[in-house]
Amino acid sequence: MKKKIGVYVCHCGGNISDHVDIEKVKAAVRDEADVYLVKNTLFACADSSQKEIGSDIENEHLDAIVVASCSPKLHLNTFRGVAQRAGLNPYNYVQVNIREQSSWAHSDNKTGATEKAILLVKAGIAKAKESEALQSLKIPAANVVAVIGAGVGGMKTAIGLADMGTEVYLIEKDFFVGGRTPQWGTVSPNGDEGAILTEKLYKEVVRRPNITLFTGAELVEKSGSIGNFDLKIALRPRFVSGNPSTEAMQRAAEACPVAVKDDFNFGLTNRRAFMLPAQGQFPQVPAIDQSACTRCGECTAACHEVDLTQEVQTITLHVGAFVVNTGFDPYQPAQGEYGYGELDNVITLPQFRRLMEMNESELVFNGKKIKKIAYIYCVGSRQDDDEGNTYCSRYCCTATSLTAVLAKKKFGNIINFHFNRGIRTYGKHELVYEAASKQGDIFLQFSLKSIPQIEKRGNKTYVKVKDILTAGKELETEADLIVLVTGMVPRKNELLAQQLKIPTGRDHFFNEIHMKLRPVETVIDGVLIAGTCQSPKNILETVNSSMAAAAKINSVLTKGELSLEPTLAKVNPAACDWCDNCSKACPFDAILQTEINGKKVARVNESNCKGCGMCTPVCPTDAIDLAGYTNAQVESMIDALAEA
Amino acid sequence: MTQIQPELTEDIKKYGAFDFTACYNCGNCTAVCNLTEKNSNFPRMMVRYSMLGLKEEILSSKELWMCYACGECSDTCPREAGPGVLMSNLRRYAIANYEKTGLTRLMFKNNPFFIAITLILAVVLAFFLLTIKPDTEVARWLFRYVPYEVLHSFGMGAFALMGLSAFVGVVVMWRHIGKEKKIAFTGEFFKKAVNAAKKVIGEVATLKRYQNCDSDSSIWSKKAVWLRPWFVHWTIMWGFIGLLVATTLDFIFKDPATTIWWPSRILGTIAGILMVYGSTVALNYRFRKITKTYANTLMADWMFLGFLWLAGITGFWLEIAVAMGADLFINHVVLMIHIIISMELVILFAFSKFAHAFYRPLALFMHNL
């Protein structure tokens with residue numbers, strides 16, 4: 001119990017004193033028990049006032065102070081600082097908000113505002129009486145980050161972190177790094193090649209000794225909290241050791257009798273179970289697809305580096321934090337969506353980009369020369385609320401316009417029809433739209449209420465649309481190829497989502513804490529997100545957020561220790577009977593079961609606890625308490641308020 | 001079902017508009033246009049039809065003829081797609097498609113052909129004129145090969161072809177626009193027709209709609225009335241009509257008046273002054289390219305305006321020469337030029353820019369039906 005409390009009532013210029021009678025407030029609390037002095041200040045936050053409060057603490061040996069002024073959001077830290085500098089524990093300071101809660105809220109009722117202010121100050125004094133000195137917690141933190149996903153974003157995060165001196169484990173589920181980027185060919189706005197971008201980044205990654213790259217690797221287990229996570233990583237066997245020569249790789253692939261759909265080409269072609277790295281995929285070392293391989297052994301004869309005896313390995317890692325950069329999957333159209341899966345000339349945009357890469361000077365699909373291409377936008381994006389993805393996938397308008405330009409440039413006699421819902425080639429990508437429109441591409445606009453209809457008549461395919469830009473006129477064109485511009489969906493990764501427990505939004509993408517102010521952090525301390533696992537992004541935006549995540553987490557880990565707010569939950573083991581209510585109520589997984597002298601009790605993992613207080617009211621035995629907002633404090637405040 | 005025909009845009013571009021495919025359908029052109037009415041949102045819709053190659057929609061658009069090419073849409077187009085320029089070119093495109101001999105199309109799309117046919121016609125007309133006096137050396141030489149009757153019927157044939165083409169053009173336009181407008185010849189139709197005809201005559205007399213083009217934001221609002229495009233157009237149009245009437249009166253009375261106080265001569269003089277003034281100012285604007293509309297001057301414009309101007313100037317020359325009674329050789333040459341140019345204007349009436357003189361009133365008439 002504190003015995004010498006200093007109370008300061010602030011005028012805030014006239015913000016408070018115009019509607020709250022400061023003298024009355026002072027008079028009302030002056031005789032409260034344990035109140036040693038009561039003063040008013042014109043501006044409590046002013047330098048002179050701060051100095052005065054500080055010298056009062058020192059000279060009068062105050063053991064707690066109350067400042068009745070504005071919202072703690074504004075000046076809590078200011079006055080905590082005043083206390084600390086004067087030698088008083090900052091948690092023995094209580095701020096009472098009589099500006100927003102009294103003066104401003106009740107400017108029409110001076111008497112009422114004053115009465116309310118008096119009660120609030122009395123409650124503050126009651127809280128200060130019960131306040132305890134708290135020390136902020138320091139825990140050691142490993143300056144090591146696990147970056148999950150080695151696409152363009154993941155590699156940029158890894159490189160950024162490594163250059164700031166953080167140790168990085170770059171964990172890639174596939175056997176090759178690069179993610180989606182090498183599948184794209186030329187990308188907007190300045191015409192970089194996806195494969196070359198990946199190659200550049202891969203070279204940067206391997207050049208850095210403090211980045212360890214794992215391919216075929218997956219997080220299977222995670223424990224611990226920020227600063228100290230323990231992970232188990234399963235490494236799938238590549239079945240190829242060393243660096244086989246190109247010829248040996250080719251021979252082995254040709255020898256392999258198992259053909260499966262090639263994911264890299266989005267199923268347009270087949271590949272062997274013996275997988276050769278595509279252009280832009282790294283390392284340029286083959287791998288054997290375990291799920292397809294029959295272990296016939298044909299490849300071992302052709303390539304000596306093949307080793308079919310390899311098995312799954314599990315390794316353990318200790319890291320301070322995660323950056324999740326798991327990327328996206330292209331939306332998979334439903335069977336029959338715009339004729340997909342039913343008509344042989346309906347493909348998706350990613351498939352079309354692979355088709356363009358595979359054709360040299362003539363654009364041919366299914367043996368037919370392609371001249372008229374119809375692009376149907378917003379497939380799997382901006383859908384109806386009850387149907388699915390309501391969001392805009394952001395990259396597709398640009399990608400399609402660029403695709404149309406590239407197709408015409410590469411194959412000459414091409415006519416592009418863009419069936420869109422409004423073109424959003426924002427920023428520098430506007431130039432791509434400009435180029436497409438300049439080359440005579442035809443843009444037709446539809447609404448979700450009347451989407452384009454695909455019709456097969458004879459051996460010709462027609463696209464019909466009510467074009468908004470032509471006053472809703474029904475227009476039709478023949479098309480040799482129909483390209484569905486598919487949006488982004490988060491890449492499927494249930495195991496990871498289950499391990500890391502990152503909350504997802506209604507769109508199924510991972511959620512950040514605050515879209516604008518904390519864009520790469522999640523509510524799980526030490527787990528950051530970047531790139532397209534968070535929301536649809538283009539490469540530029542992916543790299544931006546990946547670099548942001550690197551900088552953010554480095555700034556936390558680089559000190560080697562973490563400082564935690566001491567306002568945490570505390571368990572009194574003597575009173576606890578482990579009913580499990582508190583751990584169920586905890587949104588942060590901060591309450592664990594432990595045994596003390598053979599008795600099962602709750603324990604708080606302090607590095608996970610956010611001090612939210614969800615656990616305290618559910619405890620039937622009052623065994624759990626929140627430092628800084630203890631039951632004793634809150635009850636005494638209620639008493640003070642109820643006194644009236 | 002309307003088929004999109006992207007190939008058609010290339011054809012439209014041959015009539016002189018190059019930038020319209022830059023349009024992104026913002027609708028600024030329609031918004032700034034003073035003549036756009038409810039349910040006829042040109043120019044944007046005409047740009048749209050052109051981009052999609054909707055030929056039938058273009059040919060059946062009376063809206064095409066509602067525009068007087070003030071050029072404000074082209075000046076304010078954020079994409080510099082030249083909607084106003086396109087409107088002018090679509091009118092050429094429409095004339096070329098209404099006119100069924102294909103001669104107009106060739107002349108509009110092919111400048112060398114345009115010049116060649118003008119020159120050939122001039123030579124033919126010169127021969128024809130020289131043969132009016134069969135005692136000249138040239139005539140005697142010619143008649144050894146071609147009888148006078150053949151030449152005469154050739155001239156008559158040319159007139160007949162022109163007249164027939166104009167008639168066919170009018171019918172074709174009526175059918176295109178009529179189909180879109182669904183005109184039925186009921187009793188009510190004739191009442192409406194009288195009403196519409198009144199409106200057309202009113203518009204031709206005053207160019208009231210054209211006057212709406214001088215919006216507050218255009219450069220014309222600060223210029224004197226006699227410098228504004230509508231007035232310039234009015235002087236050319238009424239100058240020409242006046243000259244046509246005066247010449248016809250002279251022709252009917254078979255006695256070319258020698259005194260300028262003769263009523264038809266007074267009419268001719270006033271009309272001539274108007275036409276020379278108008279065509280001079282219009283040519284001046286086009287040479288100086290003072291707006292985007294005037295900057296977009298094609299061979300068809302130069303020829304048409306140039307011929308009107310020359311016809312007027314030579315007419316005055318002759319009037320002065322006659323008044324002075326000077327029988328100089330140069331005056332005979334000027335007379336030849338005057339007659340050749342006037343004849344060409346008439347013979348090419350249905351095949352040149354001049355054709356708008358009957359297409360536009362017809363479209364206006366149908367608009368008001």
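What follows is a short exchange about a predicted model.

Modeller: Residues are numbered from 1 along each chain as its sequence is written, and chains are lettered from A in the order in which they are written. The model is predicted, with local features needing pLDDT of at least 70, side-chain atom pairs counting only at pLDDT 80 or more, and totals for chains, interfaces and linings using all residues.

Biologist: What makes H11(B) hardly covered?

Modeller: A residue is buried if 20 or more other C-beta atoms, placed from the backbone, lie within 10 Å of its own. Among the 20 residues of H11(B), the count of buried residues is zero.

Biologist: Why are E1 (residues 5–10) and E3 (residues 64–69) of chain A called a pair?

Modeller: Two strands pair if DSSP finds at least two bridges between them. E1(A) and E3(A) have five, in the parallel sense, so they count as a pair. One of the bridges joins A:Tyr8 to A:Val67 in E3(A).

Biologist: What makes E2 (35–41) and E4 (93–97) of chain A edge strands?

Modeller: In the open sheet, ordered E2-E1-E3-E4 (chain A), E2(A) and E4(A) each pair on one side only.

Technical notes
Buried ≥ 20, exposed ≤ 12 C-beta atoms within 10 Å, placed from the backbone. Helix = DSSP H or I, 4+ residues; strand = E, 2+ residues; numbered from the N terminus.
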